[in-house]
Amino acid sequence: MGMDINTGALRKNAFRVTKRRGITASRVRIPGGRMDAKLLGEIQKIAELYGDGTVHITSRQGFEILGIPFENIDKVNEALQPLIDELDINQEKRNKGYSAAGTRNITACIGNTVCPYACYNTTEFAKKIEKEIFPHNLHFKVALTGCPNDCAKVRMHDFGIQGMTMPQLDKSRCVSCGACERVCRKRSVKAITMVNNKPEHNLEKCIGCGLCVVNCPMRAWTRSEKKYYKLVIMGRTGKKNPRLGEDFLKWADEENIIKIIKNTYAYVTEYIAKDAPGGKEHIGYIVDRTGMEEFKKWAMKDVHLDSETIEYDSIYWKGPKY
Amino acid sequence: MGYIIENKNLDLLIDKLREDYLVYAPMRYKGQGEFSDTDSIRYGEIKKASDLELEAKSEHTFKEILMPISETLFYYTEDEVKVAEAHNTKEALVFVRSCDLHSLSRLDNIYLNNGFGDFYYKRLRDKLKFVLIGCEKSYDNCFCVDMETNKSDKYAFSIDIRDGKAYFDVQEEALLKYFESVESQKADVSPLYVTENQTRVKLPSPENIDVNFINDHELWREYDKRCIGCGRCNFSCPTCTCYTMQDIFYQDNGKAGERRRVWASCMVDGYTDVAGGGAYRKRNGDRMRFKVLHKVYDYKKRFKDNNMCTGCGRCDDVCPEYISFSNSINKLYDATKGGRDD
């Protein structure tokens, strides 16, 4: 009997149409890239019972369970339920697997629960965004990284979030050791100069990496109470014009970033190319077409930026154009 | 005289004390640790009982109160000089653990009993009374028992908090009235102290140390690379006393300025710089040697009674490169024993 499979529905359900006829693969999303190790057992079970016993660690911090015959799809969806429950993934119908695949898994670097440089809990923020935007069929890529090192390569995403801290200086605790000036000059952006043997901080230059704080032996430099983020937008990989995301907001806050990402769904729904292959178009191409001002009109709806947030007005993206 | 006060009445005691004293103690500074979402435990002026951080070990010490990190000594303009006022003129109570109370005697020796007394140190020192925080348990890296600093007998009063109550042994008679003025229960109280640490050190006896032999010993060479010369060990040490002088000319008016002294570290670049661009200890291993010998040899040679190091172990707590000072003492012990036997 010939197989009659709706590939569109299959893909929406986070399964893949592979090279081999009748064989699919299931993508498990892990927002923020961190999970309880016991869930590995669930993945193993699915791979061994319904697939070919192998998994691929995806480039978006998920697992792809390989070699699944189409007839096992329903069983795989049922077996995915503990993973979906445990990772608290929004779902339309229980035991039916993932409700969409367009909005990709939200990736994150290891974050501040482990890394000395990270400025916030990346997984927690990733999960918060996931709850707000998934499931959705639109092709959105969001990534979070703890600091401007950008280990998570967030500049290659539609929305990239980098952690920042606004360094606070108590000069009475400074011993003129020069560690902050040296590390900022050698590893960051030269935002510190020594004046009368004590550091002077250039907030305009500062990228909020927090190296001055990490390297201060005296707690003369400390982190701001508030957590800040840089939002970089419209980066992408791909064929026509791959490019790095550019700075849109500096010293931004969590709530407004979530709002901006959510607002962009309406903008894309309105302006996505009606003939976009597979209903999929990187948001940056849409912004190229409508202009930044139109994008902002939609994205900034109900967004009230904090007074310290800097918004960049004119953004020019680069990257090779083929 | 001993007193037991319920924790809920502690605020009242602190209020009473604050009428006449500034009260300095270890405090938890939320979110001010070097890493994101970590706290910093250091000294500050407490306003209420809940400001007291008596659970965690402080990363910095009480010495900041006695020898300010950055202290203006005098102001100058043209041909006039004015001595700077002390940062506080009120009497103060300082909460310290036993090791730190012993450290105080090291600071006193360096600043007061080492030739002429230091004017700036003395004027702050004269205002301070010390409160002993009892130690129920030894913390990571503590080696007070081997340094013989685990017990203290003299203090204004002692404090131990356990099971919802605070236990005080008040030695200073002038302070009795504060304890009488709040709801308290008289009892026999003696401060807790530890009798063993996990970290042990073997101290080389001074007569075993041949400076010429130990100066060139290969044991220091591993620190050339391991140590990054950040100075955290010195800045967190309750007995390090070095400072450097800075003459500052104000930016708006170059005719006026101030002289200040600022903590210095024998591990940080610049400490041994001399005119002409020379530096005596360029290698970090040599700086380590200087520090270790100062803490467990030179000081004792000069002041006889004790080693400078009091075994608080903060240097080990804060070293980002996981260099253990206590272990370097043991290495020195092994090396000097070897040296003698050879």
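This is a predicted model: local features need pLDDT of at least 70, side-chain atom pairs count only at pLDDT 80 or more; totals for chains, interfaces and linings use all residues.
How many aromatic pairs are there over all chains? The count comes to 24.

Chain A has 322 residues, and 53% of them count as buried. Its secondary structure consists of nine helices and 14 strands. Along the principal axes, the C-alpha trace of chain A spans about 85 × 45 × 35 Å. Contacts show how the sequence folds back on itself. Among contacts in chain A between residues at least 6 apart in sequence, 66% join residues at least 24 apart. The accessible surface of chain A is about 15,400 Å², and carbon and sulfur atoms account for 50% of that surface. As for charge, chain A carries 52 positive and 39 negative side chains, and the centres of these two sets lie 5 Å apart.

Now to the aromatic rings. A pair of aromatic rings is described by the distance of the centres and the angle of the planes. Over all chains there are 24 such pairs. One of them is formed by A:Tyr267 and A:Phe295, with 5.3 Å from centre to centre and 75° between the planes. An angle over 60 degrees counts as edge-to-face, so this pair is edge-to-face. The pair links distant parts of chain A: A:Tyr267 sits in helix H7 (residues 254-271), A:Phe295 sits in helix H9 (residues 292-299), and the two are 28 residues apart. Both A:Tyr267 and A:Phe295 are buried. These two residues also belong to one aromatic cluster, together with A:Phe248, A:Tyr271 and A:Trp298.

Another pair, in chain B, has a stacked arrangement. B:Tyr111 and B:Tyr243 lie 6.4 Å apart, centre to centre, with 15° between the planes. Planes under 30 degrees apart count as stacked, which is why this pair gets that label. B:Tyr111 lies in helix H3 (residues 98-112) of chain B and B:Tyr243 in strand S11 (residues 243-249), so the pair ties together parts that are 132 residues apart in sequence. Are the two residues buried or exposed? B:Tyr111 has a relative accessible area of 5%, under the 20% cut-off, so B:Tyr111 is buried. B:Tyr243 has a relative accessible area of 32%, which is between 20% and 50%, so B:Tyr243 counts as partly exposed.

Chain B as a whole has 12 helices and 14 strands. Its radius of gyration is 22 Å, close to the 20 Å that the globule rule gives for 342 residues, so chain B is as compact as a globular protein of that length. The C-alpha atoms of chain B fill a box of roughly 65 × 60 × 45 Å along the principal axes. Of the 342 residues in chain B, 55% are buried. Contacts between residues 24 or more positions apart make up 73% of the chain B contacts with a separation of 6 or more. The accessible surface of chain B is about 16,500 Å², with 46% belonging to carbon and sulfur atoms. Chain B has 51 positive and 58 negative side chains, and the centres of the two sets are 2 Å apart.

A last stop is B:Tyr29, which is found in strand S2 (residues 22-29) of chain B. Beyond its neighbours within four places in sequence, B:Tyr29 is in contact with B:Asp39, B:Ser40, B:Arg42, B:Tyr43 and B:Gly44. B:Tyr29 and B:Glu53 are 24 residues apart in sequence, and their C-alpha atoms are 9.7 Å apart in space.

How values were computed: Residues are numbered from 1 along each chain as its sequence is written. Chains are lettered from A and ligands numbered from 1 in the order in which they are written. Side-chain values use heavy atoms; hydrogens and water are left out. Helices (H or I, at least four residues) and strands (E, at least two) are DSSP runs, numbered from the N terminus. The radius of gyration is taken over C-alpha atoms; the globule rule is 2.2 Å times the number of residues to the power 0.38. Buried means under 20% relative accessible area, exposed over 50%, partly exposed in between (1.4 Å probe, protein chains only). Contact means heavy atoms within 4.5 Å. Accessible areas come from the Shrake-Rupley method with a 1.4 Å probe; for residues, only the protein chains shown count as cover. Lys and Arg count as positive and Asp and Glu as negative; His and the chain ends are not counted. The place of a charge is taken as NZ of Lys, CZ of Arg, CG of Asp or CD of Glu. Rings of Phe, Tyr and Trp (its six-membered ring) pair if their centres lie within 6.5 Å; planes under 30 degrees apart count as stacked, over 60 as edge-to-face and the rest as tilted.
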